[in-house]
Amino acid sequence: MDKVEIEVENEVLKVDKEESNKKEETKKQNNNKNSSKKKNSTNKKNSTKKENKKEITQEKIKEENEKITENKQEESIEKENELNCIKEKELEKENEEIIKEEPKEEVINEILDNDTTKEEQTKIEKQSDLEPGEEPKVKNNINKVILILSIILLIILLSFSTIFALINKNTNKIIKGVSIKGIDISELSLEEAKQKVNENYIDKLKQNIILKQDEYETSLTPEQIEANFKIDETIEEAYNVGRSGKILKDNYKIISVNINKIDITPQLKYNNEALDNFITNISENLPNSVKTPTYEIDGNKLIVTKGKQGVKVKQEQLKKMILESMEKLDKETITIEIPVEIEEPEAVDLKKIRDEIYKEPKDAYYTKEPFTVYPHVNGIDFKISMEEANKLIETQEEQIIIPLKITYPKVTTNQIGTEAFPNLLASYSTTFSTKNVNRTTNIKLSTNKINGVVLLPRRNFFIQ
């Protein structure tokens, strides 16, 4: 900054010297004019033209000199302005460096010292004339008052909360504003609340739920799936509202419930297996339900019935609808439209059917220790090839008959009768008249059929 100021001062001195030189030249010129006038007074008329020319040239010189001085003054002003700008920028840089390195109070003081005007400085001086410590004392007094009032208010709130909590703690009744599924149990004891809620829910659990799909209709009661509500647990939950043991939290909860109310829904419990079986039974009994392929063995014939397109119950959706209806039970009778979807039947799987019915023949036998009789097993298989059986399935017939080949074992159960059961355990005899020919014939045929038959435990037999 000092170098810049020196350079500016040198330039200003140069400008002043040039101006003084010009003034001296003008003075000399004027003196020359005066002397020339005295010397050439006699020749004025003759030299008027020359003097006029000289005066014109001098006036031009003056004008040019004045222009030069004006230009130089303007240049000097511009240079001064540039210097002032440079100084301001350097001051700003210094202030920024000071703000980074020095505390805020010192930076503020320097800014005030550099930038504040005389009026601002006089205001600061007037403010400094105040008695020291006057403002802090006022602020301290206000803070003390606020602190004292806050402490008093806090003590009042704590006292109120404690009294309020003790009053509610010593009562054995449910707080005001609590209800269970719309049943108001405010200010009731546990037993009174249980009795009131159970009276309402006993009737609800007897309500019918009607399920329909086109012309098919069935019904369900909550008792069929052992449905019930957790009334005791719900009433216990209602009783514990505002009794967490935390004074402020409980007081806030009690006031909130008094204003906004709270309704608790009891949880439904039921026999899931019974509900699934009920829905499966609906799916099977729908008149237009999808039919899966079936088969049965009739002697030496396998009867295969093809499946049929139909509707299938959306079991999970129906289950959800039933449970939601039971949770409501607001009406005397609730009707549910059974959700279904169209489904194509499964294709007949002959390989699977053959694997299920196929058996190798097995002889009957028995063991003595422990005594156990193992009956014979007849062999069963298709009498035709799989290719031929598949061709039958490809026909448009709904029912297909596939012939079976029955293979008998070498030893049947009847053949080991006397060997396996040598001891006579019981006998029975009766008389009849041989004159009745028809009866005699029937007895003969029957005895021949059952003679040697071994009837194992939990087995039945019949005569064809």
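Analyst: What follows describes the sheet, then its helices, then the nonpolar residues and one further helix. The model is predicted.

Start with the strands. The sheet is open and has three strands, in the order β4-β3-β11, with mixed pairing. Its edge strands are β4, residues 216-220, and β11, residues 333-337, and each of these pairs on one side only. From one strand to the next, the twist averages 25°. In general, strands of a sheet pair through backbone hydrogen bonds, and the pairing is either parallel or antiparallel. Strand β3, residues 208-213, runs parallel to β11, and five bridges join the two.

Helix α9, residues 272-285, touches β3 and β4, and its direction makes about 170° with that of β4. Helix α10, residues 315-328, touches β3, β4 and β11, and its direction makes about 165° with that of β11.

Now the nonpolar residues. The largest nonpolar core has 41 residues, and those that touch the most other members are I185, L211, I282, L318 and I322. Take I322 as an example. Leaving aside residues up to four places away in sequence, I322 touches I209, L211, L220, L275, I279 and I336. By their numbers, I209 and L211 belong to β3, L220 to β4, and I336 to β11. L275 and I279 fall in helix α9, while I322 itself is in helix α10.

Another helix to look at is α7, residues 231-239. Its residues I231, T234, I235, A238 and Y239 are buried. They lie on the same side of α7, because the arc they cover around the axis is only 140°.

Last, the aromatic rings. The count is one aromatic pair. The ring centres of Y365 and Y374 are 4.5 Å apart and the planes are at 20°, so this pair is stacked. Y365 is partly exposed, with a relative accessible area of 43%, and Y374 is partly exposed too, at 34%.

Note on methods
Residues are numbered from 1 along each chain as its sequence is written. This is a predicted model: local features need pLDDT of at least 70, side-chain atom pairs count only at pLDDT 80 or more; totals for chains, interfaces and linings use all residues. Side-chain values use heavy atoms; hydrogens and water are left out. Two strands pair if DSSP finds at least two bridges between them. Helices (H or I, at least four residues) and strands (E, at least two) are DSSP runs, numbered from the N terminus. Axes are lines fitted to C-alpha atoms, for helices over the stretch in contact, and angles run from 0 to 180 degrees between N-to-C directions. Contact means heavy atoms within 4.5 Å. Buried means under 20% relative accessible area, exposed over 50%, partly exposed in between (1.4 Å probe, protein chains only). The arc is that of the directions from the helix axis to the C-beta atoms. Rings of Phe, Tyr and Trp (its six-membered ring) pair if their centres lie within 6.5 Å; planes under 30 degrees apart count as stacked, over 60 as edge-to-face and the rest as tilted. A nonpolar core is a set of buried Ala, Val, Leu, Ile, Met, Phe, Trp, Tyr and Cys residues joined through side-chain atoms within 4.5 Å.
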